[in-house]
Amino acid sequence: MLTFVGLGLWDVKDISVKGLEAVREADEVYVEFYTSKLLSSIEEMEEFFGKRVVELERSDLEENSFRLIERAKSKSVVLLVPGDPMVATTHSAIKLEAERKGVKTRIIHGASISTAVCGLTGLHNYRFGKSATVSWHRSQTPVNVIKANRSIDAHTLLFLDLHPEPMTIGHAVENLIAEDAQMKDLYAVGIARAGSGEEVVKCDRLENLKKIDFGKPLHVMVVLAKTLHFMEFECLREFADAPAELERLVA
């Protein structure tokens with residue numbers, strides 16, 4: 001059996017009770033921090049779980065994923081994943097390969113930044129379009145995704161690159177504006193350390209967001225749609241210190 005367990009947003013204590021039970025009952029426990037990060041060390045996880053936890057590399061999830069699947073043929077194996085396990089397509093591919101090889105799989109979901117942004121900002125879940133990643137290696141892709149989403153009046157969730165180090169909102173804004181200068185006038189929300197209890201959530205034009213000190217990562221951003229529901233505006237004013245001028249987007 002191969003069980004994918006979501007660890008949630010911030011640290012090891014965000015795991016669900018069902019996930020914790022799966023870990024403690026497993027023969028082998030692995031964790032990967034390539035697709036996302038968790039603010040708990042391997043040592044802290046081992047102490048909390050009372051189990052040995054082995055960290056996997058990117059290659060273990062991609063070209064060498066067969067090794068994990070082979071072990072799951074005869075043992076109860078848990079793969080710990082920050083956030084929710086199936087947000088990253090890498091894990092979907094492993095699950096598919098395992099099932100095709102006759103290995104039973106199970107998913108124990110965890111809190112994901114993809115949904116947490118709605119609670120932190122007040123933006124409506126059904127107003128989001130395709131998400132994208134702003135990487136250290138500059139690319140036109142996130143700009144194209146933002147434009148495509150705005151063409152259908154949808155918000156854009158932007159993940160920020162984690163490698164070789166977690167990107168900040170300031171760096172992400174610089175990358176977007178470097179690719180398209182018109183990005184600077186768009187309204188967006190910056191979110192830092194979701195799930196930590198010390199979140200920072202700020203809304204403003206992109207060129208102003210880069211001047212704000214959001215503190216330590218992890219950071220994400222949401223570029224707003226062309227219009228806002230009146231409740232979205234009210235929430236952004238209350239939760240994210242949005243400027244009064246944002247009301248012009250209410251439709």
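# Pockets, Cysteines and Backbone Features

Visitor: By class, how many nonpolar, polar and charged residues are in the lining of the largest pocket?
Guide: A pocket is found on a 1 Å grid over the protein atoms alone, as an open set of points with protein on both sides within 12 Å along at least five of seven lines, and its lining residues have an atom within 4 Å of a point. Ala, Val, Leu, Ile, Met, Phe, Trp, Tyr, Cys and Pro count as nonpolar, Asp, Glu, Lys and Arg as charged, and the others, Gly among them, as polar. On these terms, the largest pocket has a lining of 23 nonpolar, 15 polar and 5 charged residues.

Visitor: What kind of model is this?
Guide: Residues are numbered from 1 along each chain as its sequence is written, and side-chain values use heavy atoms, with hydrogens and water left out. Local features need pLDDT of at least 70, side-chain atom pairs count only at pLDDT 80 or more, and totals for chains, interfaces and linings use all residues, for this is a predicted model.

Visitor: How much space lies in the largest pocket?
Guide: Rolling a probe the size of a water molecule over the atoms shows where empty space is left. Grid points are joined across faces, edges and corners, and a volume is the space filled by probe spheres set on the points. For the largest pocket, this space is about 1,000 Å³.

Visitor: Which lining residues lie nearest the centre of the largest pocket?
Guide: The lining includes residues of strand 7 (156-160) and helix 6 (113-121), each of which gives two or more; helices (H or I, at least four residues) and strands (E, at least two) are DSSP runs, numbered from the N terminus. Of the 43 lining residues, those nearest the centre are T35, S36, I113, F159 and L162.

Visitor: Which domains each give at least three residues to the lining of the largest pocket?
Guide: Domain bounds come from an automatic or database domain assignment. By that assignment, the lining draws at least three residues from each of domain 1 (2-108) and domain 2 (113-249).

Visitor: Which residues does the UniProt annotation "binding site" cover?
Guide: UniProt positions are given in the numbering used here, feature names are shortened, and annotations may be inferred rather than shown by experiment. The annotation comes from an unreviewed entry and covers L9, D84, V87, S112, I113, L160, A194 and H219. The lining of the largest pocket takes in, from this set, L9, D84, V87, S112, I113, L160, A194 and H219.

Visitor: Is L160 buried or exposed?
Guide: L160 lies in strand 7. Buried means under 20% relative accessible area, exposed over 50%, and partly exposed in between, with a 1.4 Å probe and protein chains only. Because its relative accessibility is 7%, L160 counts as buried.

Visitor: How many disulfides does the structure hold?
Guide: A disulfide is a pair of cysteine sulfur atoms within 2.5 Å. The sulfur of C118 is 11 Å from the closest cysteine sulfur, in C235, and is therefore too far for a bond. C118 is buried, with a relative accessible area of 15%, and C235 is likewise buried at 15%. The number of disulfides is 0.

Visitor: What is the separation between the C-alpha atoms of G195 and I113?
Guide: G195 is found in the loop between strand 8 and strand 9 (200-205), where it is partly exposed, with a relative accessible area of 34%. G195 and I113 are 82 residues apart along the chain, yet their C-alpha atoms are separated by 8.8 Å.

Visitor: What is omega for the cis peptide bond from P217 to L218?
Guide: L218 lies in the loop between helix 9 (206-209) and strand 10. The peptide bond from H163 to P164 is also cis, with omega near 10°. For the bond from P217 to L218, omega is near 20°.

Visitor: What is the phi of R193?
Guide: R193 lies in the loop between strand 8 and strand 9 and counts as buried at 12% relative accessibility. Although R193 is not a glycine, its phi is positive, at about 60°.

Terms used
1 Å grid on protein atoms, 1.4 Å probe; cavity = no way out; pocket = protein on both sides within 12 Å on 5 of 7 lines; lining within 4 Å.
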